[in-house]
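Let's walk through this model together, from its overall layout to its sheet and its core. Keep the sequence and the 3D view side by side as you read.

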Amino acid sequence: MRAVSLALAAVLALSACKKADDGATPGSGVASAPATATPKADGPRVIAIEAGKEGYVPDKIKAKPNEKLKLVFTRTIDAECLAQVKTPDGVVHELPMNTPLAFEVTMPKEGKLTFACGMDMFTGEIVADAN
Ligand SMILES: [Cu+2]
C-alpha cells in the first residue's frame, strides 16, 4: 500500500512539474550559453549543467576519482520544480532563472555524487570512473 501512495505522490508531483513547462520560451537561445571548460593545471574542471525542460542536462557525468569539479547550474525554465537545486552535500539552494550558480565538489575515490531538484524528482549523478 505504501509503495502505491508513494508512486501516486510522485506522479502528482511530476505533473505539477510538467505544467510549469508552459512558461518555457522556445528559442530564447539561453540554453546554449557556453561554459566551456578551459582546463587549467590546478583548477577544477568546469561542468555546465542546464536545469531546463528536460530536467538536468547532462544528468550523467563521468569524472575521475578524487577529481575536483566546478558544477555550474543554470536554470532556463520557469518551473518551480527546478527553482531549487540540492547539491551533493544535501544542501538545497535557490536557483534563480538564467543565473549561473557554481558549486565546487571533490569526487570520492569511488562511487558517485548526486544532485536533484528541491523535490527530488529530477536528479543527476556524477560517477567516479578511473577509466
Ligand atoms: Cu522538482
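This is a predicted model: local features need pLDDT of at least 70, side-chain atom pairs count only at pLDDT 80 or more; totals for chains, interfaces and linings use all residues.

Residues are numbered from 1 along each chain as its sequence is written.

The chain has one helix and nine strands (DSSP runs numbered from the N terminus: H or I of at least four residues for helices, E of at least two for strands). Along the sequence, the pattern reads α-β-β-β-β-β-β-β-β-β. Contacts are pairs of residues whose C-beta atoms, placed from the backbone, lie within 7 Å. Among the contacts with a separation of 6 or more, 62% link residues 24 or more positions apart.

Now look for the open sheet of five strands, ordered 3-9-8-5-6 with mixed pairing; two strands pair if DSSP finds at least two bridges between them. Strand 3 (60-63) and strand 6 (92-94) stand at the edges with a single partner strand each, so one side of each has no neighbour in the sheet. From one strand to the next, the twist averages 20 degrees (axes are lines fitted to C-alpha atoms, with angles from 0 to 180 degrees between N-to-C directions).

Strands 8 and 9 form a hairpin with five residues between them, and Asp120 in the turn has a positive phi of about 65 degrees.

What about burial? A residue is buried if 20 or more other C-beta atoms lie within 10 Å of its own, exposed if 12 or fewer, and partly exposed in between, with C-beta atoms placed from the backbone. By that count, 21% of the 131 residues are buried. A nonpolar core is a set of buried Ala, Val, Leu, Ile, Met, Phe, Trp, Tyr and Cys residues joined through C-beta atoms within 7 Å. The largest has 20 residues, of which Ala51, Leu82, Cys117, Phe122 and Ile126 touch the most other members. Strand 8 gives the largest share, four residues. Leaving aside residues up to four places away in sequence, Phe122 touches Gly55, Tyr56, Cys81, Leu82, Ala116 and Cys117.

Definitions and conventions. Two residues are in contact if their C-beta atoms, placed from the backbone, lie within 7 Å.
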